[in-house]
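Hi,

Here is the structure I said I'd pass on.

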Amino acid sequence: MRRTYRAAAAAGLVASLLAGCGLTSGSPMVDTVKPGSVGQGEPLKGADITVTSKEFTEQLILGAMMGIAFKAAGAKVLDRTGIQGSIGAREAIKNGDADGMYEYTGTAWITYLGHSHPIPNPQAQWQAVHDADLKNGITWLPPSVLNNTYALAMNEANFKKYGTKTLSDVAALAKKNPKAVTLCVESEFANRADGLPGMEKAYGMNIPTANITQMDTGIIYTQAAKGTCTFGEVFTTDGRIRAMNLRVMADDKHFFPNYNAAPAMNTKSLEKYPAMAKVIEPITKKLNNTVAQELNAKVDVEGQDPHDVAKEWLVQEGFVTE
């Protein structure tokens, strides 16, 4: 499942992931890139840097961005992106098998650091994660506004029919016309405190069980697009939102946790190569949900290679040149 990195792992699963995550594998990045607006003067020349990521589309793209940027800045880069599961990539950064990756603030706060309640303010959430993870040998660099969190979305026809724009609107519609609010959701979302049960409580919804259908992530998007369900559970940076012209409901009470992407670096590596922070910062600042949706769609909808998508965007934005 695409977002299993949100679930806390049992000790046995952790051991399994660490044994099989391929931390000793990887291949050198061979991209022939040069500095653009980042990497001027090749401040990482002579550095040996390993980048990593989890295995889903957005992570593969972000991991490639980081590696390509460091290569343009003069580093020799080992590509260890695509580690299965969340724990393996996290541990690679923690123990120094990898030097950097893009991670999500909510994942760190809830899954890795063991907190049950997210912090509503995105910057405060990042700061709390930053401060707590220093003891683990991980330094979080400034975050992006890219926020890969939960949402409900509907097709254009239902949007015109019901006119809901926020989750408060959905709650009002459910009260006024209970039959109108049908949901397609993952089983995990249906049972998580920070998923459907918590959302219903926060917004005062009481959606009948008969109105809720559980299914796999990919099917949710197609069913919401068809209108089989009035609302589908989506992830806010998924490329299928734009490709299928879905309307996302605003979380006007800020219930869902913030999952802002930020570079998470091995602290010793950052001390050794401090220029990594300066090289990656402008790229992080440019990342937002619209950019993520567009790039994710190139992979998930159009079938392009994540590394190629990352490189094309970096060149297009002038961060690197070929």
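Before anything else, keep in mind that this is a predicted model.

I'll start with the pocket lining: the residues around the largest pocket split into 14 nonpolar, nine polar and three charged. The space in that pocket comes to about 550 Å³. It has 26 lining residues, and if you want to find its centre, go to His254, Phe255, Phe256, Pro257 and Asn258, which are the closest to it.

Next, the cysteines. Are the two cysteines, Cys184 and Cys229, buried or exposed? Both are buried.

The other thing to look at is strand β5 (residues 100-104). Five of its five residues are buried, so β5 is largely enclosed by the rest of the structure. That goes for both faces: Gly100, Tyr102 and Tyr104 are buried on one side, and Met101 and Glu103 are buried on the other. As for its partner, β5 pairs with strand β12 (residues 261-266), antiparallel, over five bridges. If you want a spot to start from in that pairing, Tyr102 stands opposite Pro263 of β12.

Over to you!

Cheers

Note on methods: Residues numbered from 1 in each chain as written. Predicted model: local features only at pLDDT ≥ 70, side-chain atom pairs only at ≥ 80, totals over all residues. Heavy atoms only, no water. 1 Å grid on protein atoms, 1.4 Å probe; cavity = no way out; pocket = protein on both sides within 12 Å on 5 of 7 lines; lining within 4 Å. Points joined across faces, edges and corners; volume = space filled by probe spheres on them. Nonpolar A, V, L, I, M, F, W, Y, C, P; charged D, E, K, R; others polar. Buried < 20%, exposed > 50% of the residue type's maximum accessible area, 1.4 Å probe, protein only. Helix = DSSP H or I, 4+ residues; strand = E, 2+ residues; numbered from the N terminus. Pairing = 2+ DSSP bridges.
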